[in-house]
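Subject: Structure for you to look at

Hi,

Here is the structure I promised. Please open it first, then read my notes below.

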Amino acid sequence: MNWTTISNTPKPDEPAPNPADALPFSWEAARAELEGLPGGGLNIAHEAVDRQVRAGRGEAVALRWLGKNGERREFSYAELARLSNRFANGLNRLGIQRGDRVCALVGRIPELYIAALGTLKAGAVFCPLFSAFGPEPVRVRLVKSRARVLVTTALLHERKVRAQRGDLPDLEHVLLTDGRGAEPGVRSFHALLDAESDRFVIPFTDPEDWALLHFTSGTTGSPKGAIHVHDAVVAHRLTGRRVFELRPGDVYWCTADPGWVTGVSYGIVAPLANGATLVVDEAEFDANRWYAILERERVNVWYTAPTAIRMLMKAGTDLVRSHDLSALRFAASVGEPLHPEGVVWGRETLGQPFHDTWWQTETGAIMIANTRDRVIRPGSMGLPLPGIEAAIVRRRTADGVDLLGPGEEGELALRVGWPSLFRGYLDDAERYRQCFAAGWYLTGDLATRDADGYYWFLGRADDVIKTAGHLIGPFEVESVLLEHPAVAEAGMIGKPDAFAGQIIKAFVTLKPGHAPSDALRKELIGFARTRLGPAVAPRELEFVANLPKTRSGKIMRRLLRARELGLPLGDLSALETDEA
Ligand code: 6R9
């Protein structure tokens with residue numbers, strides 16, 4: 001089998017080339033494809049919904065929701081426009097102002113999409129929280145965002161928010177999607193919608209007004225709130241068209257949860273802004289269910305992640321071959337390295353190779369991708385998209401970078417200047433500043449470029465972990481372990497895993513008077529799961545006598561990882577003791 005290159009297989013119903021793509025690229029031209037608001041304004045929800053209604057697509061299906069118990073609901077663009085208008089009116093009635101934060105802590109239910117679009121229409125800032133987070137990550141994000149409104153379910157409110165209301169002075173309104181709420185400040189989402197008008201005129205929002213807030217993690221400190229503005233929709237719409245070749249009427253399925261950036265940029269905005277029908281599945285991964293959805297809904301374009309692809313591969317080719325996937329025109333992947341076997345397996349079993357795409361919370365939209373007009377090199381992330389200038393650099397002190405050549409390994413950098421680049425980390429100007437040097441945004445990813453311009457991912461330059469596609473910061477996990485009375489110190493690493501890519505492994509030292517035992521290990525893992533949620537808690541935990549630290553007292557996770565994996569220990573000059 002030849003893994004060096006794969007040509008894309010043409011399909012009989014290939015989209016006609018878009019004449020705009022033949023012209024030299026400019027962001028101005030991409031912007032001109034949007035409708036905008038009178039007076040030079042721009043609003044993501046207008047482009048995603050209202051504009052589609054005005055263009056005559058009001059009766060087309062915008063959202064096809066598949067409930068986990070077999071329910072099925074469709075929302076036309078016109079209905080989604082009306083419901084999001086109602087929510088925007090409701091926010092106005094609650095006194096929510098431009099720039100205020102509205103958080104959502106719900107699974108993939110229709111109310112999430114209504115809330116997101118209505119918040120954007122009202123000129124407020126939408127901030128999704130992953131519903132599988134435990135109470136601690138939820139609290140940290142609600143505090144940091146200073147959310148005034150939270151949309152959630154009765155159960156999630158009870159389990160993760162209610163007891164912490166005292167720590168959340170900014171949180172004035174909790175809107176329950178499935179209950180009425182018997183206490184002050186808690187009310188029904190649907191009663192709010194029912195009381196409002198279908199009509200709403202989006203107030204002027206500037207392209208540079210804040211629109212979305214996505215929390216993400218770094219090596220140190222608590223999660224960072226990456227701020228995106230309405231202008232990001234220029235990149236969402238364009239990449240939806242250029243990478244996925246989305247056009248009105250396409251059935252599109254993004255399996256990412258809107259609690260993470262992919263589930264918003266490509267699970268809400270890009271498909272709607274291109275007039276597609278968005279399939280939303282409420283349930284968790286299940287190979288049978290997923291193939292049935294691809295077949296029954298006649299999905300044309302599918303965006304998923306390597307963890308899911310590995311699980312589908314494990315489920316075997318007989319299963320996939322028993323389904324008619326002939327509607328599938330494009331399959332893509334994001335979030336973690338896509339192994340070459342996955343690309344090839346896609347082509348041989350689905351009839352479509354998986355096209356790897358690379359981007360981050362901070363970049364807001366896809367930057368590097370395998371598109372259908374280029375040969376795929378399995379294992380490579382692909383080529384920078386039009387309008388994106390990428391480079392491999394070595395950081396110099398004094399704000400400079402050295403540009404490296406083909407085959408050299410360094411940090412992936414992107415020339416500043418595309419519309420969906422984040423505009424700041426909330427309340428952390430210094431951390432934002434550190435992401436840039438000499439006009440480049442530095443991604444924190446290590447990569448290399450080959451002689452033909454393809455980019456290859458090597459790893460992270462920092463200590464964050466990608467587990468099942470979710471980005472987890474060590475600090476958040478370690479801090480919770482430190483709250484346990486038996487724990488003196490904790491250090492966390494990503495350990496390679498055949499399915500999740502990496503799992504979280506914690507190393508713990510105990511306080512005097514506590515001895516390692518199986519029971520204590522289980523207790524600590526359980527403690528972390530209750531506080532952090534299963535998606536964030538360590539899967540493995542090992543007791544150690546001491547943790548390697550730098551002279552300034554920082555835990556050297558790099559060394560923990562090297563020891564665990566039997567890798568060379570590298571430069572030990574900063575190590576405090578000679579224990580290594
Ligand atoms: C969209 C998203 C960003 C980090 C990124 C990198 C990793 C994303 C990848 C990939 C290898 C790919 N990553 N795509 N690694 N190949 N195609 O995932 O955003 O959650 O912020 O994560 O994910 O390390 O820096 P986010």
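The largest nonpolar core has 95 residues. A nonpolar core here is a set of buried Ala, Val, Leu, Ile, Met, Phe, Trp, Tyr and Cys residues joined through side-chain atoms within 4.5 Å. Buried means under 20% relative accessible area, exposed means over 50%, and partly exposed is in between (1.4 Å probe, protein chains only). Phe87, Phe244, Tyr252 and Tyr303 have the most contacts inside this core. Helix 9 (residues 261-273) gives the core its largest share, 8 residues. Helices (H or I, at least four residues) and strands (E, at least two) are DSSP runs, numbered from the N terminus.

This is a predicted model: local features need pLDDT of at least 70, side-chain atom pairs count only at pLDDT 80 or more, and totals for chains, interfaces and linings use all residues. Residues are numbered from 1 along each chain as its sequence is written, and side-chain values use heavy atoms, with hydrogens and water left out.

Now take Tyr252. Leaving aside neighbours within four places in sequence, Tyr252 is in contact (heavy atoms within 4.5 Å) with residues including Phe244, Tyr266, Pro271, Val301 and Tyr303. In soluble globular proteins, nonpolar side chains tend to be buried together.

Next, the ligand. Which residues come nearest to the ligand? They are Asp356, Thr357, Thr361, Arg460 and Lys466, out of 18 residues around it. Being near means that a heavy atom of the residue lies within 4 Å. By class, this shell has 8 nonpolar, 5 polar and 5 charged residues. Ala, Val, Leu, Ile, Met, Phe, Trp, Tyr, Cys and Pro count as nonpolar; Asp, Glu, Lys and Arg as charged; the others, Gly among them, as polar. Strand 14 gives the most to the shell, with 3 residues.

An N or O atom in the side chain of Asp356 is 2.8 Å from a nitrogen atom of the ligand. For Thr357, a backbone N or O atom lies 2.7 Å from a ligand nitrogen atom. Asp445 has a polar side-chain atom 2.9 Å from an oxygen atom of the ligand. Taken alone, the ligand exposes 530 Å², and the protein buries 97% of that (Shrake-Rupley method, 1.4 Å probe).

Last, Glu28. Glu28 sits in helix 1 (residues 27-32). Is Glu28 buried or exposed? Glu28 counts as exposed because its relative accessibility is 54%.

Best wishes

Conventions:
A polar contact is a pair of N or O atoms within 3.5 Å; within protein, one must be able to donate a hydrogen and the other to accept it, and residues adjacent in sequence count only if both atoms are side-chain atoms.
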